[in-house]
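I looked up the contacts of the ligand, then the aromatic rings.

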Amino acid sequence: MLPFLRPELAALKAYKPHPPSPHPVDILDTNESPLDLPDELKAKLAAEYQQAIAVNRYPDGSHQALKQALVTYVGEALADDDAVLTPDHLSVGNGSDELIRLLLIATCLGTGQGILTATPTFSMYGLLAQTLGIPVVTVARRESDFSVDLGAAQQAIDQGTIRVVFMVHPNSPTGNALTAAERQWLRTLPESVLVVVDEAYFEFCQHTTLADALTRPNWVILRTFSKAFRLAAHRVGYAIAHPGMVEALEKVRLPYNLPSFSQAAAQVALANRQGLLDAIVTLLTERERIQSDWQDFPALRLWPSKANFIYARLTDQDRFGPDLAAADWAAGHRALHQRLLPLGTLIRHTGGGLRFTVGTPEENQRTYRNLAKIFAS
Ligand SMILES: *Cc1c(COP(=O)(O)O)cnc(C)c1O
């Protein structure tokens, strides 16, 4: 390794996006929407680019217009007597991944204190923490429903070394929403511990912790345009938090973190959200259809999901043929992942199981046929 690099980087691997594949595949590994933006919205965005964006100028580093549109959209979940949401509660990032890194920089960096996650969960919290030398403490989830071992979590907090708790609602890769007991536990955490609730899949689940974020100074919600809003290519995420927290995020972010074109894309998506989000109904119907159709595969155990993906584990390795009968469980998951690929289905092997993004009806039918082929062999 080059002598001027931080020695701990030697142990880290760069994040691998979609693996390059020689096969045409259904991309069901990153929980994006299977649907592109409709042509007429792309045309609107193109017109915006031609007529309104001066590309010789830096983007609006204050994200003013986008924040105003977000106040309207996010605020739809509030009741009349709830606290008021303002642009001062919002910070916009280059994907919510950027906001996760900013949160880590603003809270833990250089303190020796760390973060708590409950695994399996979104890997980015741990990965980004590692790149910053921030300690990561993990606690387990119950296999029955992937609820968090709150006793272990409280013990970790009692050690006094945790500054941030990251929870995904609903969790990825397992699809379960926060339970009432989990939400209640998060509310009991001392104000010296920041609670981050990642609501990347809010639009599919429709349950939010917004009221907590608006009344508790130690509560941040993360959202993204990469999933239900179909804008993964544009990298737009946002945080909802106490204005003091937002101020800190604004201090540590790069001044022009979000290109003008991406800001315009998010605004076009919000202005046309009804049409875009209507497609969710089809995805949720497909999700339930997968749950029932895949009962044909006793080798797979499926968990219920509140998001646009389904988590599965193998129940019985013997069904995998002689080359796998002796292999361990992880090898079985890896093998299923690998066998689906040449058949044209790309899924995610993560967290000791397999995660299938819900695709279009055609994609999901192909996945069914490919699984049937593998299980029959
Ligand atoms: C997909 C996803 C994100 C989105 O990240 P972006 O950087 O906004 O694309 C964040 N958190 C979780 C849990 C996710 O699954």
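**Entry 1: the ligand.** I began with serine 226, where an N or O atom of the side chain lies 2.6 Å from an oxygen atom of the ligand. I note at once that the model is a predicted one. I then looked up threonine 224 and found that an N or O atom of its side chain is also 2.6 Å from an oxygen atom of the ligand. For arginine 235, I recorded 2.7 Å between an N or O atom of the side chain and an oxygen atom of the ligand. Next I asked how much of the ligand the protein buries. Taken alone, the ligand exposes 390 Å², and the protein buries 93% of that.

**Entry 2: aromatic pairs.** How many aromatic pairs does a search of the whole structure find? The search gives 15. I examined one of them, formed by tyrosine 73 and phenylalanine 229, and noted it as edge-to-face, with 5.4 Å from centre to centre and 85° between the planes. The label follows because planes over 60 degrees apart count as edge-to-face. Tyrosine 73 belongs to helix α2 (residues 64-75), while phenylalanine 229 is in the loop between β7 (219-224) and β8 (236-240), so this pair ties together parts that lie 156 residues apart in sequence. I checked the burial of tyrosine 73 and phenylalanine 229, and both are buried.

**Entry 3: a tilted pair.** I turned to phenylalanine 297 and tyrosine 368, whose rings are tilted, at 4.9 Å centre to centre and 35° between the planes. Phenylalanine 297 is in the loop between α11 (273-293) and β9 (300-302), and tyrosine 368 is in helix α14 (residues 361-376); the pair links distant parts of the chain, 71 residues apart. Are these residues buried or partly exposed? Phenylalanine 297 is buried, with a relative accessible area of 5%, whereas tyrosine 368 is partly exposed at 25%. I also found that Phe297 and Tyr368 belong to one aromatic cluster together with Trp294, Phe356 and Phe375.

**Entry 4: charges over rings.** Finally, I looked up arginines placed over rings. The charged end of arginine 223 sits over the ring of phenylalanine 202, at 3.9 Å from the ring's centre. Arginine 355 lies over the face of phenylalanine 309, and here I recorded 5.8 Å from the ring centre.

Note on methods: Residues numbered from 1 in each chain as written. Predicted model: local features only at pLDDT ≥ 70, side-chain atom pairs only at ≥ 80, totals over all residues. Heavy atoms only, no water. Phe/Tyr/Trp six-rings, centres within 6.5 Å; stacked < 30°, edge-to-face > 60°. Helix = DSSP H or I, 4+ residues; strand = E, 2+ residues; numbered from the N terminus. Buried < 20%, exposed > 50% of the residue type's maximum accessible area, 1.4 Å probe, protein only. Lys NZ or Arg CZ within 6 Å of the ring centre and 35° of its normal. Polar contact = N/O pair within 3.5 Å; in protein donor to acceptor, adjacent residues only side chain to side chain. Areas by Shrake-Rupley, 256 points an atom, 1.4 Å probe, with all protein chains shown as cover.
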